[in-house]
Amino acid sequence: MAEAILEPDLPIVDPHHHLWDRRNYPTPASNSGEPEHPFMTAIADARRYLLDELLADTGSGHNVVATVFVECGAFYKADGPVEMRPVGETEFVNGVAAMSASGTYGDTRACAGIVSRADLLLGDGVAAVLEAHVRAGGGRFRGIRNSASFEADKEVLGPLNRVEAGLYLSDQFRKGFRRLAPMGLTFDAWLLEPQLPDVIDLARAFPDTTIILDHVGTPVGRASYQGRLEERFPIWRKNVLELAKSQNVVVKLGGLAMAFCNFPSFLAEPRSPSGELAGEWGPYIETCIEAFGPQRCMFESNFPVDMGSCTYATLWNAFKRIAKGYSADEKTALFSGTATKTYRLEL
């Protein structure tokens, strides 16, 4: 039975979701006899997640007024220079945003901001890619994300083992990174909890660049980290408090329904209600709000990835339960204000 929507009139800007069409992806475990990684299991029912599916979620009861798309390798160009192919994602998403902005599909302004990918290891050469994104974005392109998520235990990330350790510390990466601030672009950082010192160092080195920490820094609780969330919580907390000292950093509150965190609610049947989710996620989210303050925190859906634990409606109910003790002004910041300001949304 679907939960009743809590505080249905509270405006929400969802600052982190994806769009994709993965019709050509292999079906679960189709290419080998090995078990499917839980990340792929979690999104098995979302092989197609485009405007219709997004609007079905945003229209499920909460007052979602706008969203921000975050890169996921969708609709890259099939040809041309490799470094320019991610610009295809911006072109595609800007088209979706234009459809939504017409009002034909309702009041929610989907993809009002766009975060895409440009390989900062290109160094100074990334400038041309960034300029192409800006041109393709129709005034909506706001920044990029380069994932640095790495773990020596390859079972943790599974299909998302894509980079080597220390990406954010690389001199070549930082040559590209320095191009962002002069263009007024933000940087979304995704990495795992043991890697948080890397983003702390990056934030200190570039105090004029707005860095958004995705998914509260992604606590890890699977494979060799199985059963170790409680043990590692103080380490995570210490690093979050240190990162919060850099005023150029804001944090997204969410992503805790992913396979990598592996909370008891992940892939649970029956699905956990919002009260249980709030209990699992609350210590991480409350710590971030304490460290950064509501003006530098924003709740995120991370859909459709987080559907492995709950529906879109249940997820926002969980966030509202966690935030119930905050003032009206603080809730405005957490649910819409910080996202609108950080991504300079025109709503």
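Which residue lies over the face of Trp-20? In this predicted model, that residue is Arg-22, placed at 3.6 Å from the ring centre.

Contacts between aromatic rings form the next topic. A pair of aromatic rings is described by the distance of the centres and the angle of the planes. The structure holds 20 aromatic pairs. One of them joins Phe-173 and Phe-187 in an edge-to-face arrangement, with 6.0 Å centre to centre and 75° between the planes. Because Phe-173 belongs to helix H6 (residues 171-177) and Phe-187 to strand S7 (residues 186-190), this pair ties together parts that are 14 residues apart in sequence. Phe-173 has 0% relative accessibility and therefore counts as buried; Phe-187, also at 0%, counts as buried too.

Trp-236 is part of helix H8 (residues 229-243) and Tyr-284 is part of helix H9 (residues 274-292), so the contact links parts that are 48 residues apart in sequence. Since burial requires under 20% relative accessible area, Trp-236 qualifies with a relative accessibility of 1%, and Tyr-284 qualifies with a relative accessible area of 5%. Aromatic residues also gather in a cluster, which is formed by Trp-281, Phe-299, Phe-303, Tyr-312, Trp-316, Phe-319 and Phe-335.

Why is S7 described as largely enclosed by the rest of the structure? The reason is that 5 of the 5 residues of S7 are buried.

Strand S6 (residues 141-147) pairs with S7 in the parallel sense over 5 bridges, and Ile-144 stands opposite Phe-187. S7 also pairs in the parallel sense with strand S8 (residues 211-213), over 3 bridges. There, Ile-211 in S8 is the bridge partner of Phe-187. Phe-187 thus has Ile-144 opposite it, Ile-211 as its bridge partner in S8, and the ring of Phe-173 as its partner in an aromatic pair. Finally, S7, helix H7 (residues 196-205) and S8 together make a β-α-β unit that is right-handed.

Technical notes
Residues are numbered from 1 along each chain as its sequence is written. This is a predicted model: local features need pLDDT of at least 70, side-chain atom pairs count only at pLDDT 80 or more; totals for chains, interfaces and linings use all residues. Side-chain values use heavy atoms; hydrogens and water are left out. Rings of Phe, Tyr and Trp (its six-membered ring) pair if their centres lie within 6.5 Å; planes under 30 degrees apart count as stacked, over 60 as edge-to-face and the rest as tilted. Helices (H or I, at least four residues) and strands (E, at least two) are DSSP runs, numbered from the N terminus. Buried means under 20% relative accessible area, exposed over 50%, partly exposed in between (1.4 Å probe, protein chains only). A charge sits over a ring if NZ of Lys or CZ of Arg is within 6 Å of the ring centre and within 35 degrees of the ring normal. Two strands pair if DSSP finds at least two bridges between them. A crossover is right-handed if, with the strands pointing away from the viewer, the path from the first strand over the helix to the second runs clockwise.
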